[in-house]
Amino acid sequence: REKQVKMTVAEQPCYTLINTSQDLEPPSEMQLREDLEKGNDKAKAEALKKLIVMMLNGEKFPSLLMIIIRYVMPSQDHTIKKLLLVFWEIVPKHTADGKLLQEMILVCDAYRKDLQHPNEFIRGSTLRFLCKLKEPELLEPLMPSIRACLEYRHAYVRRNAVLAIFTIYKNSDFLIPDAPELIGKFLDVEQDMSCRRNAFMMLIHVDQERALNYLSNVIDQVNSFGDILQLVIVELIYKVCHSNPNERARFIRCIYNLLNSSSQAVRYEAAGTLITLSSAPTAVRAASSCYIDLIIKESDNNVKLIVLDRLIALKDIAAHERILQELVMDILRVLASPDIEVRKKTLQLSYDLVTSKTINEMVLVLKKEVSKTHNAQETEDVEKYKQLLVRTLHQCTMKFPDVANTILPVLIEFLADKNELAALDVLVFIRDVMQKFSNLKDLVVQRLLDICGQIRSAKVLRATLWLLGEYCSSVEDIQNVMTFIRQSLGDLPIVDDEIRRSTGETKDDQDTSMSAPVQRLVTADGTYATQSAFVSSTTADKKTVNGLANDRNRQPSLRTFLLDGDFFIGAALATSLCKLVIRYMSLEPDSAKQNRFCAEAMFIIASILHLGRTSLPSKPMNEDDHDRMLMCVRLLNERLPVTFHIFGEDCRTALADMLSAKAQEQKEIEKKLSKGKTAAVEPDDPIRFTQLLASNEFDEKEDILDLTLKQAIGTIGKKDEDIFSSSKLSKVTQLTGFSDPVYAEAYVNVNQYDIVLDVLIVNQTSDTLQNLTLELATLGDLKLVEKPQSITMAPHDFTNIKANIKVTSTENGIIFGNIVYDVTSSQSDRNCVVLNDIHIDIMDYIVPATCTDNEFRQMWIEFEWENKIVVNTTIR
């Protein structure tokens, strides 16, 4: 970024900063004089630019003042006129003894001619320039011309004339004492909205009563005004009604009307103002409906999130929550937005507001959203949205068990979906339902058996097998589960079947070029190996390879996972088989059937163990899975009552304890939230009989005695924001001592990774301090974004300086620095005041958040906690 030129000689205020390149060589005064006198318009413009930059750097050219007045000011070139406005803003206008320069009279005369120029751009830009002039001697001769500009035909001139009159009246009211009356009359006849907005804004600040009278006269026409004028009207009504509550009945109808404005910004401001001015149900309902409509119609996601936050804040107020509960179906319309954050907040808000009256309608809407996601293109946001829908339906089922019958069939379809995250959440949901609602077990088991064959994810199938093993409670269901397992594994033993399949295919596709038959060999460790001898490669070889690959794709899903080396699913299958055998033996009295079923389970586990010790799988079986399956075989072989009791009952008890602990934790969280909403009523609080209060036209019931009492003690206008603002004092850090010539204190505002220092600086001396600069430095991973500007301070004056600091990592940091300045009455070196250190704590910008167990485990796996070191050992 180019270096920004700063004004170092601060004798006069300047409001313009100009970028320039460092490699420009400054011209001499003679060169500038030559270009300004004899150059064409382009040369004069370039010379004027260089002169302005040099004057901003502290150079003084008093001899060029008359040159510019004689040779440059008469030019009609627009570029030169723009540059002259900047030049006259920064040029010194007084002599050393404080008197106005004689040359400025000529400048004043030139600008009087510009104010009467037929070109509206020149008039308007001149009026904007006059807003920056502070010298009454220069402004006084121009007042008749400024007044005349109020009646000019072009709106651009009239608009800037109002701004000029406003600024002049604010700084030097004696120059135009009748400004409020003049602008009031102008407002009555003006038709342009931008002009009316500026005039109305001026009356708000200088003559509020006149602004209110004007608003009362045109209150029926407010809907036809432009949005810029409507926003100012909303601001005025908010200020007036807060300072004088009796005026609410006079203007609140106008706020109601502005809820239907064509401008989204006006509707948003009107809704917020209406809620702060009135707590009547009709007002809250109207404002909430306006907010919802804004979210649906506005395309900007940031706007959607901001307005959603306003609705959430409304929901947290107990008196307004009941009204929002009636609008929950309207809130669900926001789900049409594709942004995942908007959808997340909408689902959470809808869940918080749903009641027994609206739960069925909400479930229907969510089921439609689920069906839409099945046809949508698989992206990261769609996967997260599916997960959000599943969790919301899960919460709704726990809150309203009656809807479980309609929700379960829809969600179980997710198990066959490619989205693994949503499917795992569905399994957690099913586990909670089967544990808490025993009447739904049979329905869920049947649905799981129907969908099992379509599952293509190892994690999902593993959890589904665990659920079937845990909750199958009839002989028929247990046999159906066993049938599915056998079908999913294919022919047993797996190793023999795999070798037989590969051998048989080789024989079928064998060509004459194969010189030796395929032999099946037994290796030293007892595993099988296949050996073939080929003389040459032909098309038959390619067919064989392709046939084996296609055969792998056609294999049952459970066998595919085992051949891919996922033996964790084998361990889960062994545990589920043990539970099924235990339950089958308790239900089936025939010992022969018991032994047959138990032997079949042991045969399946043994086949998987054998497969894990061969070279057929792509990954070998780990020791944990091997030990787990061996334990299950031993358990089924010995059939000890103690082990049967652990697998059959203790596991279910442990699961119930875990789910009840989670439910209790959730109840405690909801209890804390509900405590925050309930309003405490003290025993000595006066009783309000609402039947004895008169309603006004807005369905508001006001106790006049209570209202006047609040006005008397000064609490009528106090809101939560006032209480919050008082707590800001705790964030103020004193930077210098009270006896220092310059006193400074800073308010530290931390917003995530941005730190804003609002530094108050007070000149405690009787001297003018020039080039006062706040110099800051940081220690740690903090970065100063922008260096504060140099300023000039009058005796006993004060000012605020803001500094932005960026946090680059999660570590504590220190901000330190000093204040340096020059004193006009002293010729000594620059003075310096050292500032106290500001310590930035890591806890100021770390925000707590929550995540589920699955998300935590996923993040734990992905995050590399330590640097990995490769260690070579002889241990095998």
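Let's start with a helix pair: helix 9 (residues 155-171) and helix 10 (residues 179-189) pack at an angle of about 160 degrees, their axes 11 Å apart. Axes here are lines fitted to C-alpha atoms, for helices over the stretch in contact, and angles run from 0 to 180 degrees between N-to-C directions. Helices (H or I, at least four residues) and strands (E, at least two) are DSSP runs numbered from the N terminus. Helix 9 and helix 10 are therefore roughly antiparallel to each other; that label applies to angles over 145 degrees, while under 35 counts as roughly parallel, 65 to 115 as roughly perpendicular and the rest as oblique. Their crossing is left-handed, which is to say that the near helix is turned anticlockwise from the far one by less than a right angle, with clockwise giving right-handed.

Helix 9 brings Arg158, Val162, Ile165 and Tyr169 to this contact, and helix 10 brings Ala179, Pro180, Leu182, Ile183 and Phe186, where contact means heavy atoms within 4.5 Å. These residues divide into eight nonpolar, no polar and one charged. In this grouping Ala, Val, Leu, Ile, Met, Phe, Trp, Tyr, Cys and Pro are nonpolar, Asp, Glu, Lys and Arg are charged, and the others, Gly among them, are polar.

Keep in mind that this is a predicted model, in which local features need pLDDT of at least 70 and side-chain atom pairs pLDDT 80 or more, while totals for chains, interfaces and linings use all residues. Residues are numbered from 1 along each chain as its sequence is written, and side-chain values use heavy atoms, leaving out hydrogens and water.

Next comes another helix pair. The axes of helix 16 (residues 281-297) and helix 18 (residues 318-325) come within 10 Å and cross at roughly 60 degrees, which makes helix 16 oblique to helix 18. This crossing is right-handed. Pro281, Val284, Arg285 and Ser288 in helix 16 meet His320, Ile323 and Leu324 in helix 18, a set of four nonpolar, two polar and one charged.

Strand 7 pairs with strand 9 (residues 798-807) in the antiparallel sense over three bridges, and Leu782 has Val807 in strand 9 as its bridge partner.

Finally, the protein chain as a whole has 37 helices and twelve strands.

Note on methods:
Pairing = 2+ DSSP bridges.
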